[in-house]
There are 2 protein chains.
Amino acid sequence: MRAKGGMTIGQAAVSSGVPPKTIRFYEEMGLVKPAERLANRYRAYDESNLQTLRFIRRARDLGFSLQEIDKLLALYRNRRRASEDVKRLALAHVAQLDHKIAELTRIRDTLADLARRCHGDQRPDCPILDDLERPRS
Amino acid sequence: MRAKGGMTIGQAAVSSGVPPKTIRFYEEMGLVKPAERLANRYRAYDESNLQTLRFIRRARDLGFSLQEIDKLLALYRNRRRASEDVKRLALAHVAQLDHKIAELTRIRDTLADLARRCHGDQRPDCPILDDLERPRS
DNA sequence: CCTTGACCTTCCAGTGGGGGGAGGCCATAT
DNA sequence: ATATGGCCTCCCCCCACTGGAAGGTCAAGG
């Protein structure tokens with residue numbers, strides 16, 4: 001079954017860190033181009049495909065969306081890219097992250113404060129429920 | 001159409017901050033009990049329903065999942081609840097938030113560092129793409 | 001009386017990023 | 001010959017909604 005540099009989807013999954021289901025999903029979404037097929041219809045992957053999958057995996061770990069990754073891949077493959085374009089994408093994502101972190105932190109502090117003021121005993125009085133119940137103007 | 005304390009789903013939506021679609025969704029999910037119906041099959045809401053919807057809205061704003069809100073609502077309605085139980089739910093959620101914030105912050109710092117080291121000009125060299133390309137052990 | 005427009009109703013589909021599992025083919029080891 | 005296990009496609013599920021289509025209901029205006 002195995003050609004010289006070829007591997008099945010399972011091998012590619014182990015080697016790239018992207019599960020088989022997810023690889024098929026990326027193919028269906030058009031994020032990666034359809035894999036070559038062996039005579040038995042099994043998908044075949046080589047080092048080049050693997051590199052792409054690892055790239056995607058790392059980008060996902062850094063929180064990029066699949067849309068953003070699509071753009072990153074285009075830049076990655078374009079030898080005449082301007083690093084300016086990559087940097088702009090990255091900084092936009094940093095800004096998104098900052099926004100999300102700020103939002104979660106605000107929520108976290110509010111909730112921690114409410115919890116701090118809650119006795120946490122057998123009595124029913126609870127500032128947390130009081131807050132949830134209180135109508136907002 | 002309007003009974004004394006009754007309002008339509010649209011009025012309830014404005015007054016609670018929960019959109020009509022979402023109210024129906026909560027009903028279908030069993031998070032709120034099915035609304036009373038008028039003769040014309042329109043859902044009817046009173047102050048009590050409104051209080052529940054505002055409670056849910058606030059809890060969602062604080063990042064609780066619908067499952068968690070279901071538990072919070074049960075505690076809210078139980079006059080013999082122990083504030084301990086509410087506090088435990090809240091602190092578990094704070095812990096989740098802390099975990100998420102730490103993760104996002106780690107990603108943010110990694111990405112900001114890569115972007116800082118990228119020239120961001122017309123040249124193709126880019127530490128960000130270099131990082132994404134690099135195989136992980 | 002009729003139309004318009006703003007409501008309301010139900011049902012279906014899609015979002016993002018996959019996971020689980022059915023039912024069937026293929027490859028290898030016993 | 002058969003038992004495993006990997007691969008194939010296909011469809012459904014998750015979360016928490018959101019949008020849209022098709023149709024019922026109601027008040028106001030001409």
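The paragraphs below take up the interface, then the salt bridges, then the cysteines.

This is a predicted model, in which local features need pLDDT of at least 70, side-chain atom pairs count only at pLDDT 80 or more, and totals for chains, interfaces and linings use all residues. Residues are numbered from 1 along each chain as its sequence is written, chains are lettered from A and ligands numbered from 1 in the order in which they are written, and side-chain values use heavy atoms, with hydrogens and water left out.

The size of an interface is often given as the accessible area lost when the parts come together. Here chain B and chain A bury about 4600 Å² between them, and 69% of that lies on carbon and sulfur atoms. Buried area is the accessible area (1.4 Å probe) that two parts lose on being put together, summed over both. The contact (heavy atoms within 4.5 Å) draws 53 residues from chain A and 52 residues from chain B.

On the side of chain B that touches chain A, at least two residues each come from helix 3 (47-61), helix 4 (66-77), helix 5 (83-116) and helix 6 (127-133) of chain B. Helices are DSSP runs (H or I, at least four residues), numbered from the N terminus. Helix 5 of chain B gives the largest share of that side, 22 residues. By residue type, the side of chain B that touches chain A has 27 nonpolar, 8 polar and 17 charged residues. Ala, Val, Leu, Ile, Met, Phe, Trp, Tyr, Cys and Pro count as nonpolar, Asp, Glu, Lys and Arg as charged, and the others, Gly among them, as polar.

A salt bridge is a side-chain nitrogen of Lys or Arg within 4 Å of a carboxyl oxygen of Asp or Glu. Over all chains the count is 24 salt bridges, and between chain B and chain A it is 4. One salt bridge joins the side chains of Asp131(A) and Arg58(B), at 2.8 Å from N to O. Arg58(A), Asp131(B), Arg134(B) and Arg136(B) are linked in a network of salt bridges. Asp131(B) is buried, at 7% relative accessible area, whereas Arg134(B) is partly exposed at 46%; buried means under 20%, exposed over 50%, and partly exposed in between (1.4 Å probe, protein chains only).

Asp109(A) forms a salt bridge with Arg108(A), with the closest N and O atoms 3.6 Å apart. Asp109(A) is partly exposed at 42%, and Arg108(A) is partly exposed at 23%. In chain B, Asp109(B) and Arg108(B) form a salt bridge at 3.6 Å.

How many disulfides does the structure hold over all chains? The count is 0, a disulfide being a pair of cysteine sulfur atoms within 2.5 Å. For Cys126(A), the nearest cysteine sulfur belongs to Cys118(A) and is 3.7 Å away. Cys126(A) is buried, with a relative accessible area of 1%. Cys126(B) is likewise in no disulfide, the sulfur of Cys118(B) being the nearest at 3.7 Å, and Cys126(B) is buried at 2%.
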